[in-house]
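This report goes through one protein chain, from its overall build to single residues. Please keep the sequence and the structure in view while reading.

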Amino acid sequence: MLGEGPVWDSSSKELVWVDIERCKLHIYHFPSGTKSDFQFDSLLSAVVPVDNSNLYLLAFQKGLALFNRGTGEFHYFDNPEKDIPTNRFNDGKCDPQGRFWIGSMDCGAAPGKGSLYRVDWNQKVTKMLSGVGVSNGLAWDESKSKMYYIDTLTYQVVSFDFDAASGSIGRQQSVIAVPKSHGAPDGMCIDEEAMLWIAHWGGANVSRWDPRNGKLLEKIPVPAPYVTSCCFGNDQLDTLYITSARTGLSDAEVTAYPHSGSVFSLKPGVKGKQSINFKINQQQDSNG
């Protein structure tokens with residue numbers, strides 16, 4: 001119904017993603033062609049594998065949890081918005097150092113109700129931004145010490161100066177302005193040329209942008225109106241995996257776009273950056 005947050009786990013050669021509305025975790029194992037599903041009792045908005053383990057870090061409406069896919073056991077370790085029952089988490093991703101960044105939103109998408117949080121290796125949760133509308137795409141360019149971020153309601157991509165050692169963010173700049181006719185910017189990833197790939201909710205496309213000058217480089221149609229996120233994967237990181245949603249479509253729209261809610265793949269002609277796993281309990285350096 002609401003596919004989101006694809007992550008490529010290079011160690012297991014698996015694509016992992018969630019269905020937010022159906023509270024499901026999906027795992028597709030490419031070598032065997034088998035798919036595993038896990039059902040939960042709370043809206044599930046984001047997943048990242050935990051490095052060197054059988055664990056996943058999951059972002060539920062009830063809070064943040066560690067889940068063991070082998071035993072089925074999980075435990076909540078924090079819920080920074082436990083006093084805001086009308087909010088839920090949305091998109092989340094790990095930075096290049098293995099910290100998890102997760103944003104929130106009002107369930108009715110009211111502006112200014114969400115925040116962005118950073119989860120450190122010791123599972124400490126820190127609020128990094130407040131006053132967010134719909135917290136969405138994240139990407140990092142280590143060579144430029146930049147973090148890119150999307151609040152969907154703003155139709156912009158902004159950059160922050162990013163300190164890799166401490167995980168702090170600094171000066172904010174608007175780098176891409178997305179025309180409303182293009183569809184709302186949703187999830188995002190970065191390729192090896194430091195160009196940004198954005199999924200467009202209501203736009204039936206994914207697009208490639210140059211954050212240095214804000215220019216649109218490519219726009220690729222997707223056979224689903226609500227395109228939610230994307231990530232690079234496969235052994236060569238040359239395949240873009242794209243999630244989509246079926247929720248909110250009329251019967252006529254479902255007939256016109258029968259593959260809505262599917263995961264699509266695309267060979268865009270450029271390789272991407274590897275998805276990063278959560279590096280639990282690592283010691284921070286002297287600047288951390």
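## Overall build

The model is predicted. Its chain has 23 strands and 1 helix. Taken along the principal axes, the box filled by the C-alpha atoms is roughly 50 × 45 × 40 Å. The radius of gyration is 17 Å, which agrees with the value near 19 Å that a compact globule of 288 residues would have.

Of the 288 residues, 55% are buried. Contacts between residues at least 6 apart in sequence include a share of 45% that join residues at least 24 apart.

## Surface and charges

The chain has an accessible surface of about 11900 Å². Carbon and sulfur atoms account for 47% of that surface.

There are 27 positive and 32 negative charges in the chain. The mean position of the positive charges and that of the negative charges are 3 Å apart.

## Salt bridges

The structure contains 14 salt bridges. One of them pairs the side chains of D37 and K35, with an N to O distance of 2.6 Å. D37 is partly exposed, at a relative accessible area of 41%, and K35 is also partly exposed, at 41%.

A salt bridge of 3.3 Å, N to O, joins the side chains of R171 and D161. R171 belongs to strand β16 (residues 168–177) and D161 to strand β15 (residues 156–163), so this pair ties together parts that are 10 residues apart in sequence. The relative accessible area of R171 is 48%, which makes this residue partly exposed; D161, at 26%, counts as partly exposed as well. K267 and D238 form a further salt bridge through their side chains, at 3.3 Å from N to O. K267 sits in the segment after β23 (263–266), while D238 sits in the loop between β21 (226–233) and β22 (239–245), so the parts that this pair ties together are 29 residues apart in sequence. K267 is exposed, with a relative accessible area of 56%, whereas D238 is partly exposed at 21%. Salt bridges with shared partners also link K146, D161 and R171 into one network.

## Positive phi angles

Y155 is not a glycine, yet its phi is positive, at about 55 degrees. Y155 lies in the loop between β14 (146–151) and β15.

N234, another residue other than glycine, has a positive phi near 80 degrees. N234 is found in the loop between β21 and β22. With a relative accessible area of 26%, N234 is partly exposed.

D9 is part of strand β1 (residues 3–9). Its relative accessible area is 6%, so D9 is buried, the cut-off being under 20%. The C-alpha atoms of D9 and S275 are 6.9 Å from each other, although the two residues are 266 residues apart along the chain. Not counting residues up to four places away in sequence, D9 touches E14, P49 and N277.

G183 occupies the loop between β16 and β17 (184–190). G183 is buried too, with a relative accessible area of 4%. A distance of 8.8 Å separates the C-alpha atoms of G183 and Y226, which are 43 residues apart along the chain. Leaving aside neighbours within four places in sequence, G183 is in contact with Y155, V178, H200, W201, G202 and G203. One of these contacts, Y155, is the residue with a positive phi of about 55 degrees in the loop between β14 and β15.

Technical notes. Residues numbered from 1 in each chain as written. Predicted model: local features only at pLDDT ≥ 70, side-chain atom pairs only at ≥ 80, totals over all residues. Heavy atoms only, no water. Helix = DSSP H or I, 4+ residues; strand = E, 2+ residues; numbered from the N terminus. Rg over C-alpha atoms; globule rule 2.2 N^0.38 Å. Buried < 20%, exposed > 50% of the residue type's maximum accessible area, 1.4 Å probe, protein only. Contact = heavy atoms within 4.5 Å. Areas by Shrake-Rupley, 256 points an atom, 1.4 Å probe, with all protein chains shown as cover. Lys, Arg positive; Asp, Glu negative; His and termini not counted. Charge placed at Lys NZ, Arg CZ, Asp CG, Glu CD. Salt bridge = Lys/Arg side-chain N within 4 Å of Asp/Glu carboxyl O.
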